[in-house]
Amino acid sequence: MSLIVSFLSGIIFALGLGISGMTQPQKIVGFLDLFGNWDPALAFVMVGAIAVHSVAYLTLKPEKGPALKGSYSIPKKSQITKSLVTGSLLFGIGWGLSGFCPGPGVVSLFSGNMASVNFVVSMVIGMFIYRKTFSSDKVDG
Amino acid sequence: MNADIVNALIGGALIGLSATMMLRLNGKIAGISGIVESSFFGFRLEENQWQIVFLAGLILGGLGLVLFYPDSLVNTFEQKFWLVSLGGLLVGFGTRLGSGCTSGHGVCGMSRLSLRSIIATLSFMAAGFLTVAVTFHFFNVGGVQ
């Protein structure tokens, strides 16, 4: 049952990205292009997602545990580390260069556009380089 | 409100719903960069099935878009091939060093007001704004057709 939920969640996530326009890199760089023809859509995607998901946290009772399985694995780390900031800055540069972040890249993998394939293959190689060069930190997600 | 904004809010709400199902039913964070990494590296059958299955759903949802809503996958961003490759490398490396991406930090972390995620989101947004400003308006590479 828990795996069916994960599968359905993946499908819903993909549809959300598609409907919101975030699977179109021109909408991503349009948002990031403050000095051009600015496209605010990405901000509204964040607003819609956070409006829904924050309720899930506000009404969460940690002692009760999730409905289907085990306990909550929510990141507890609170230090602001050099890795956190450096990694996020590098991610932002890659995001601005390619117009993709991980979700939209994977969702558009079989769209027939070579840029998506190029991006996803490069991203997996980037993760491989990280694993070979840095010890794995506790992840936030 | 224009149609783009309405679609952005509806799509965003679906992303929020997906993250909520993962959290409240399975106790997991729907962070795509972590899910992709776990699906490819250090995979252990008893612990990482949910990541593979979520990733399969994400790809199947994408195939659904290909069939029923192909306009959602039109890419008019003209960028040099090697810059997309470099971008992918930086996204892969950066999201793992920084422990998350737009979903893990931007949606999930911001929704629980995690200071780490707020700092991460501000950092990747700032870097993204600067990167596009420099590439589009200084070097004149990359542009929307």
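Helices here are DSSP runs of H or I with at least four residues, strands are runs of E with at least two, and both are numbered from the N terminus. On that basis, chain A reads α-α-α-α-α-α along its sequence, with six helices and zero strands. The model is a predicted one, so to speak of local features a pLDDT of at least 70 is needed, side-chain atom pairs count only at pLDDT 80 or more, and totals for chains, interfaces and linings use all residues. Residues are numbered from 1 along each chain as its sequence is written, while chains are lettered from A and ligands numbered from 1 in the order in which they are written.

Chain B has six helices and two strands, and its pattern runs α-α-α-β-α-α-α-β. For burial, the count is of other C-beta atoms (placed from the backbone) within 10 Å of a residue's own: 20 or more makes it buried, 12 or fewer exposed, and anything in between partly exposed. Buried residues come to 55% of the 141 residues in chain A and 57% of the 145 residues in chain B. Contacts are pairs of residues whose C-beta atoms, again placed from the backbone, lie within 7 Å. Taking contacts with a separation of 6 or more, residues 24 or more positions apart supply 44% of them in chain A and 49% in chain B.

Next, the contact between the two chains. It draws 106 residues from chain A and 109 residues from chain B. On the chain A side, the elements giving two or more residues are α1 (2-20), α2 (25-32), α3 (41-58), α4, α5 and α6, and α1(A) gives the most, with 18 residues. By class, that side splits into 62 nonpolar, 38 polar and six charged residues. In this scheme Ala, Val, Leu, Ile, Met, Phe, Trp, Tyr, Cys and Pro are nonpolar, Asp, Glu, Lys and Arg are charged, and the others, Gly among them, are polar.

Two helices of chain A show what this looks like locally. Seven of the eight residues of α2(A) are buried, so this helix is largely enclosed by the rest of the structure. The buried set is A:Pro25, A:Lys27, A:Ile28, A:Val29, A:Gly30, A:Phe31 and A:Leu32. Their cover includes α3 and α4 of chain A along with β1 (77-78), α6 (115-137) and β2 (143-144) of chain B.

Helix α6(A) (residues 114-133) has 20 residues and reaches 28 Å from first C-alpha to last, close to the 28 Å expected at 1.5 Å a residue; the expected span is 1.5 Å times one less than the number of residues. Its buried residues include A:Phe119, A:Met123, A:Met127 and A:Tyr130. The buried residues of α6(A) pack against α4 (82-98) and α5 (102-107) of chain A, and against α2 (32-40) and α4 (81-97) of chain B.

Within chain B, α5(B) (residues 102-111) and α6(B) pack at an angle of about 145 degrees with axes 8 Å apart. Here B:His105, B:Gly106, B:Gly109 and B:Met110 of α5(B) meet B:Arg116, B:Ser117, B:Ile118, B:Ala120 and B:Thr121 of α6(B). That makes three nonpolar, five polar and one charged residues. Axes are lines fitted to C-alpha atoms, for helices over the stretch in contact, and angles run from 0 to 180 degrees between N-to-C directions.
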